[in-house]
Amino acid sequence: MSPYDPSAFPPFAVTVDLVVLTVRRHALCALVVRRGESPFQGRWALPGGFVRADEDLGAAAARELGEETGLRAHDPEAPAPDNGAHLEQLGTYGDPKRDPRMRVVSVAHLALAPDLPAPRAGGDANSARWAPVETLLHHESDAGREGELPAPLAFDHAQILADGVERARSKIEYSSLATAFCPQEFTVGELRRVYEAVWGVALDPRNFHRKVTGTPGFLVPSGGTTTRQGGRPAQLFRAGGATLLNPPMLRPEV
């Protein structure tokens, strides 16, 4: 048997790409960075980078998340820290032509967090911003505005983003994942606006309140109230212990 010769195989690399979603100004937004280096210099892309030789995929995704947003990934079964984000593996993308430099396989991850501040660009990105997913997915241009978003995104990131958005839209139907977009204490109205932003539909407030408060283990009263929405004080809740919703919150047909 011939000895193993690494040079007999073409160069091969693994990256992680992040679909980082948040709700800002009642819209579902994704983090994008303008690439400062080739390939696709000057184009917008999802944040991410190469996996280091001494780290596994989860650690690489958590590192990139921290570098790009300052967020820490947390165990979904544990309470989220103040600067924590839900992080899960989304999918693997390995088209031989997806990266013009060499054969690169990307393991994409989905990160969800409450309303996040303006991002700080890092690494090879010379600018970063939040953009509504509808703008990114439909290749609409913010012509005439600062930070115009040309389309399409670099690499195959439009497909990765679409897959991440659909994962979020489907999972909030049957899981408590929608609370990952909320602060630790939130009102039913704030949770409803998360569903409306992620699904892109308007929901009846009374029906929504009845459903979420009647679903076992979904929400737990925190004992407090708030007037931050204006009007009468609204009851505050926190995420309950349920991870699966029974019955599920079915997405309206549009």
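Me: Let's start with His26. Buried or exposed?

Reply: His26 has a relative accessibility of 60%, so it counts as exposed. Bear in mind that this is a predicted model.

Me: Thanks. And where is His26 in the chain?

Reply: His26 sits in the loop between strand E1 (12-24) and E2. Its backbone is worth a look too: phi is positive, about 65 degrees, although His26 is not a glycine.

Me: What about Phe155, what is phi there?

Reply: Phi of Phe155 is near 55 degrees, again a positive value in a residue other than glycine. Phe155 belongs to the loop between helix H2 (133-137) and helix H3 (157-174).

Me: Is Phe155 buried or exposed?

Reply: Buried, with a relative accessible area of 18%. The cut-off for buried is under 20%, so Phe155 at 18% falls on the buried side.

Me: Now the helices. At what angle do H4 and H5 pack?

Reply: Helix H4 (residues 188-199) and helix H5 (residues 205-214) pack at about 105 degrees, and their axes are 10 Å apart. That angle makes H4 roughly perpendicular to H5.

Me: Which residues meet there?

Reply: From H4 you have Val188, Leu191, Arg192 and Tyr195. On the H5 side they meet Pro205, Phe208, His209, Val212 and Thr213.

Me: How many aromatic pairs does a search of the whole structure find?

Reply: Four. One of them is Tyr195 with Trp199: the ring centres are 5.0 Å apart and the planes are at 70 degrees, so the pair is edge-to-face.

Me: Why edge-to-face?

Reply: Because plane angles over 60 degrees count as edge-to-face, and the planes of Tyr195 and Trp199 are at 70 degrees.

Me: How far apart are Tyr195 and Trp199 in helix H4?

Reply: They are four residues apart, which puts about one helical turn between them. Tyr195 is buried, with a relative accessible area of 0%, and Trp199 is buried as well, at 7%.

Me: What kind of pair do Tyr195 and Phe208 form?

Reply: An edge-to-face one, with 5.4 Å from centre to centre and 65 degrees between the planes. Tyr195 is in helix H4 and Phe208 in helix H5, so this pair ties together parts that are 13 residues apart in sequence. Phe208 counts as buried at 3% relative accessibility.

Me: Which residues form one aromatic cluster?

Reply: Tyr195, Trp199 and Phe208 do.

Me: Last topic, the overall picture. How many helices and strands are there?

Reply: The protein chain has five helices and ten strands. It has 254 residues, and 45% of them count as buried. Among contacts between residues at least 6 apart in sequence, 65% join residues at least 24 apart.

Conventions:
Residues are numbered from 1 along each chain as its sequence is written. This is a predicted model: local features need pLDDT of at least 70, side-chain atom pairs count only at pLDDT 80 or more; totals for chains, interfaces and linings use all residues. Side-chain values use heavy atoms; hydrogens and water are left out. Axes are lines fitted to C-alpha atoms, for helices over the stretch in contact, and angles run from 0 to 180 degrees between N-to-C directions. Helices (H or I, at least four residues) and strands (E, at least two) are DSSP runs, numbered from the N terminus. Angles under 35 degrees count as roughly parallel, over 145 as roughly antiparallel, 65 to 115 as roughly perpendicular and the rest as oblique. Contact means heavy atoms within 4.5 Å. Rings of Phe, Tyr and Trp (its six-membered ring) pair if their centres lie within 6.5 Å; planes under 30 degrees apart count as stacked, over 60 as edge-to-face and the rest as tilted. Buried means under 20% relative accessible area, exposed over 50%, partly exposed in between (1.4 Å probe, protein chains only).
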